[in-house]
Amino acid sequence: MKNTLNAAVAAALLSLGAAAHADDSVIRIGFITDMSGLSADADGPGGAEAIKMAVADMGGAIDGKKIEVLVADHQNRADIASSRAREWLDQKGVDMLIAGANSAAALAMAKVAEEKKTPFFVVSAGASELTNAQCTPYTVHYVYDTVSLSRGTARAMLKEGNKDWYFLTVDHAFGHALERDASAVVQANGGQVKGRVRHPLNTADFSSYILQAQASGATVLGLANSANDTSNAVKAAAEFGLTPKMKIAGLLVLITDIHALGLAAAQDMYLTTAWYWDQDDASRKWAARFEERMKKKPSMLQAGDYSVTTTYLNAVKATGTTDGDTIMKWVKSNPVNDFFVQNATVRADGLLVHDMYLMQVKKPAESKGPWDYYKLIAKIPGGDIYTSPQESKCRLMTP
């Protein structure tokens, strides 16, 4: 009797889930990111606001179907991210998922999205596995990955003769991928990795790690971390007098990090970015709208949140459906052109290939005001900075 009751309850839950997915009167977008932790400033509430801006710009509806946005905080835990994704897909009728910061969370969500045949767009998470060894037919890696970050920044520093590297790496999926991909660039260009040390996510005290870096004899400290971890590491390097002896390579540096550090601490640092608010008139116009709402300039992640939402909704409008396979076919067949990227294409593996920008942080005297932080060193074609089709290990890429 008990087994029969359990089976009935399970069947009822499945029926509710199916009913939710069968609801064609609403288009639901689910955004799961770090809303309160170390990456909240760079993505978080600002990312959610950017998504809502995109929905509003589409008129809030497509063909009479209202567009709703669901937002959740994964607390930098993969289990929370995957369970919330599954709940939304089974019970809330979510049609598309956007992954914010945290690669472990994104990799976990990708498995759920594939199982449910749901379009899954990765904005803030960087691990290149997402469209390489662990690619799926439903994943799109949109803004950057650890390969493009490494090739942009590391190549620039190696060209200046900075050959000996030591990595300070967050002990997490993203950090491991960034260290691996940057190490490959260093070694392929005649450099050597003299050592590495790993730190927990969201570390406040970097003193012991900086001392180990000092003892390595390396000339470059490669920061394979992000957000507050990057800022705290840079501050610790300055406090311990590391920076006159070693150059810092911030492998993922966001404008919110520079704002937190200040130009005096961050000046002359190289970084690779997909977008900068002051790069052209269209970017400045959108950034001004964002600033009206959030009282700060947007990061590339928040701009990416807007762009990816618009791309998805354009696919729904063009195809007249939210069917996952139909949407993915459209996305992989149509270029993306907006203020964020131009003539960008989604490959079979789900990687959005687009130009990236090598920037250098301005000296305080060079800045004209708040958020005027970058000077352009080089525009790097997407074909030169991302994993090539020949390098790909994705099962979806044809030999």
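**Helix packing in a predicted model**

α3 and α4 are roughly parallel to each other, therefore counted under 35 degrees. This is a predicted model in which local features need pLDDT of at least 70, side-chain atom pairs count only at pLDDT 80 or more, and totals for chains, interfaces and linings use all residues. Residues are numbered from 1 along each chain as its sequence is written, and side-chain values use heavy atoms, without hydrogens and water.

User: At what angle do helix α3 and helix α4 pack?
Analyst: Helix α3 spans residues 78–92 and helix α4 residues 103–116. Helices here are DSSP runs (H or I, at least four residues). Axes are lines fitted to C-alpha atoms over the stretch in contact, and angles run from 0 to 180 degrees between N-to-C directions. The axes lie 8 Å apart, and the angle is about 25 degrees.

User: How many charged residues does the contact of α3 with α4 have?
Analyst: Contact means heavy atoms within 4.5 Å. Contributors include R86 and D90 of α3 and E115 and K116 of α4. Asp, Glu, Lys and Arg count as charged. By class there are 10 nonpolar residues, one polar and, as charged, four.

User: Are α11 and α12 roughly parallel or roughly perpendicular to each other?
Analyst: Helix α11 (residues 281–294) and helix α12 (residues 300–319) have axes that come within 12 Å and cross at roughly 100 degrees. Angles of 65 to 115 degrees count as roughly perpendicular. The pair is therefore roughly perpendicular.

User: Which residues in α12 do W286, R289 and F290 meet?
Analyst: Those three residues belong to α11. The contact divides into four nonpolar residues, one polar and one charged. The α12 partners are Q302, A303 and Y306.

Methods
Helices (H or I, at least four residues) and strands (E, at least two) are DSSP runs, numbered from the N terminus. Angles under 35 degrees count as roughly parallel, over 145 as roughly antiparallel, 65 to 115 as roughly perpendicular and the rest as oblique.
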